[in-house]
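Subject: Handing over the two-chain model

Dear colleague,

I am passing this structure on to you, and I would be glad if you read the notes below with the model open beside them.

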Amino acid sequence: MEKEIIIKVENVDFAYRTNEGKTDALCDVSLDIKKGEFVVLLGHNGSGKSTLAKLLNGFLTPDSGKITVLGMDTTDESHIYDIRSKVGLVFQNPDNQLVASIIEDDIAFGPENLGVPREEIIRRVAWALDVVNMSSYRKHTPFKLSGGQKQRIAIAGILAMLPEVLVLDESTAMLDPKGRGEVLDTIKKLNKEKGVTVILITHYMDEAIDADKVVVLDKGKILTCGTPKEIFSDVETIFSTQLELPVATKTSYDLRLAGFDIPLVLTDEELVEALCQ
Amino acid sequence: MSIIEVKNLEFVYGKNTPYEKKALDDINFSINEGEFVGIVGSTGSGKSTLVQHINGLIKLQSGNIEVLDINLSDKKPNLKLLRQGVGMLFQYPEYQLFADTVLQDVMFGPTNFDMDKEEAKESAINAIKMVGLDYEAIKERSPLELSGGQKRRVAMAGVLAYKPQILVLDEPTAGLDPKGKKEMLDLITSLKGNMVKTIIMVSHNMDEISKYTSRVIVLNNSKLIFDTTPADLFYNNELEEIDLLTPHIVRIVKQLNQKGFNLSRNILTEQQLVNELKKTKAGSNE
């Protein structure tokens, strides 16, 4: 059964304007995000990933083209609160996202602004803290936490609004491996169990391996789009955009060059299996 | 020759308050000139607290630290000399750029360490070139309008310009894209041969640590639990228990060896693995 399209991006152009002129950020980008999909956006700095993320919840609006979230046009002012509560955005630097001096207040901020009843807010705060594994810090101040802990609080703050789409813009970049793993597990759990659509922007190729769809942006355009296997098998394209291959893929590629008869693989386990054949 | 000596170092945040937390517990190690040491550990394990001690940004509470013959337990250690000797590149250093032009920003350090203007300028020019930026093209530009990777290079030049003997890097590749990461690590490797003799790098990226450093110090729950080579650390220990990840290459080698391969337990890079597998294959074909 064909899944419902939750976000539709059609021929979108966007440029940043300053006194010195304009810088094109996105050029004729079209993309469908389906309900429940796990989509990873790759591309190096300046490729337009973050701009696209900000366009998805009406934080920015397209110069031309059209973006619709559940049928609502992001340029339609009357729907902007709906759109922002449906599409939650988590940024890279948690310090820029925390608003209150006590963690539970910080997490309550989003739902409060959406007019959620008090009892429900209390339940959601407890739930969101539990999801990110920070329940014991409920009454603490977020400012004394480590970077990774702060980021989990920022994510909890978004979760408390019960978004249908979660957009994470390099949200694990400042975390340690454990923090990264926890956040990713949380995101995957939300995706699999609660059906939350996830759009993950990352520089870690490992994080792209389990995606339903990988989109590679380069110089403001969609360069290629497909399953992780399709994307990483196209080694030339990955090299031309100066992205990395996952370690196992790179190793299998080098081994093939050295005359080994093995397929291109994505994971460490697949590589081991291929070599043991 | 040891240039950093840390003995019985302890540090407690918020002492005598309800938020009291021990950040460092009986830490002992010494670092010799010429080493490239990685410091790893999960968030909150005490890494940042430790490196901040090394150039006197945190006042010693208990224990002893001697860096470049400056004893930090002295009543009034010469902190200015210490800080010139130990260059620190903090996390996300691009947020610390402030001057009107790149040249002024890079000259700030040397000027404050009492170099005269000509000398400071010459040193700044050298440092800007050293980090791979085009001096003529960039000197008059505002550091704030550069790209992320360029900003980080300018910040690095600002540290190198006052010619520290020890360079401390706190997650130098965090937040960079794969291209920026590789460029930064190549830069650090080239500095190691030229500008600075001793480098200490804090990182969460075990693939980076295993590939670039020659020694790793592991902190866990405020304690130093390992001080060894990357190969020994990653091959002889189960790091998942202390929330660190084993590098991919090591995981692959360990799994292959379980399945009957007999690969060297020194393999830390893709290239080494490919070479070793080639040898194995050639051997079995004979």
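What follows is an account of what was found, taken chain by chain and then at the contact between the chains.

Please keep in mind throughout that this is a predicted model.

Chain A

Chain A holds ten helices and ten strands. Its radius of gyration is 20 Å, close to the 19 Å that the globule rule gives for 277 residues, so chain A is as compact as a globular protein of that length. Along the principal axes, its C-alpha atoms fill a box of roughly 65 × 45 × 45 Å. Buried residues account for 49% of the 277 residues in chain A, and, among contacts between residues at least 6 apart in sequence, 61% join residues at least 24 apart.

The buried residues of H6(A) are Pro177(A), Gly179(A), Arg180(A), Glu182(A), Val183(A), Leu184(A), Ile187(A) and Asn191(A), and what covers them includes helix H5 (147-159) together with strands E3 (38-42), E7 (165-169) and E8 (197-201) of chain A. After H6(A) comes Gly195(A), which has a positive phi, near 70 degrees. In helix H9 of chain A (residues 247-257), the buried residues are Val247(A), Ala248(A), Thr249(A), Thr251(A), Ser252(A), Tyr253(A) and Leu255(A), and just after H9(A) there is again a glycine, Gly259(A), with a positive phi of about 100 degrees.

Chain B: strands

One open sheet of chain B is built from four strands in the order E2-E1-E4-E5, with antiparallel pairing. Strands E2 (21-32) and E5 (70-71) of chain B stand at its edges, and each has a single partner strand, so one side of each is left without a neighbour in the sheet. Within this sheet, strand E1 (residues 2-13) and strand E4 (residues 62-67) of chain B run antiparallel and are joined by five bridges, with Val6(B) having Ile65(B) in E4(B) as its bridge partner.

Strand E8 of chain B (residues 198-202) is mostly covered, since five of its five residues are buried. Thr198(B), Ile200(B) and Val202(B) point one way from E8(B), while Ile199(B) and Met201(B) point the other way, and all are buried. E8(B) runs parallel to strand E3 of chain B (residues 36-40), to which four bridges join it, and the bridge partner of Ile39(B) in E8(B) is Val202(B). E8(B) also runs parallel to strand E7 of chain B (residues 166-170), through five bridges, and here Leu169(B) has Met201(B) as its bridge partner.

Further along, strands E9 (residues 215-220) and E10 (residues 223-228) of chain B pair in the antiparallel sense over five bridges, and Val218(B) has Phe226(B) of E10(B) as its bridge partner. E9(B) and E10(B) form a hairpin with two residues between them, and in the turn Asn221(B) has a positive phi of about 45 degrees.

Is Ala127(B), with its count of other C-beta atoms within 10 Å, buried or exposed? Ala127(B) has 26 such atoms within 10 Å, and a residue counts as buried at 20 or more, so Ala127(B) is buried. Ala127(B) lies in helix H4 of chain B (residues 117-130) and, leaving aside residues up to four places away in sequence, touches Val106(B), Ala157(B), Leu160(B) and Ala161(B).

The domain assignment divides chain B into domain 1 (2-246) and domain 2 (247-286), and the C-alpha centres of these domains lie 33 Å apart. Nine residues of domain 1 of chain B are in contact with eight residues of domain 2. On the domain 1 side, the elements that give two or more residues are helices H8 (206-212) and H9 (230-236) of chain B, and the residues of that side divide into five nonpolar, two polar and two charged.

Contact between the chains

The contact between the chains takes 31 residues from chain A and 29 residues from chain B. On the chain B side, the elements that give two or more residues are helices H6 (148-160), H7 (178-193), H10 (248-258) and H11 (270-285) of chain B, of which H10(B) gives the most, with six residues. The residues of this side divide into ten nonpolar, eleven polar and eight charged.

With best wishes

Terms used: Residues numbered from 1 in each chain as written. Chains lettered and ligands numbered in written order. Predicted model: local features only at pLDDT ≥ 70, side-chain atom pairs only at ≥ 80, totals over all residues. Buried ≥ 20, exposed ≤ 12 C-beta atoms within 10 Å, placed from the backbone. Contact = placed C-beta atoms within 7 Å. Domains from an automatic or database assignment. Nonpolar A, V, L, I, M, F, W, Y, C, P; charged D, E, K, R; others polar. Rg over C-alpha atoms; globule rule 2.2 N^0.38 Å. Pairing = 2+ DSSP bridges.
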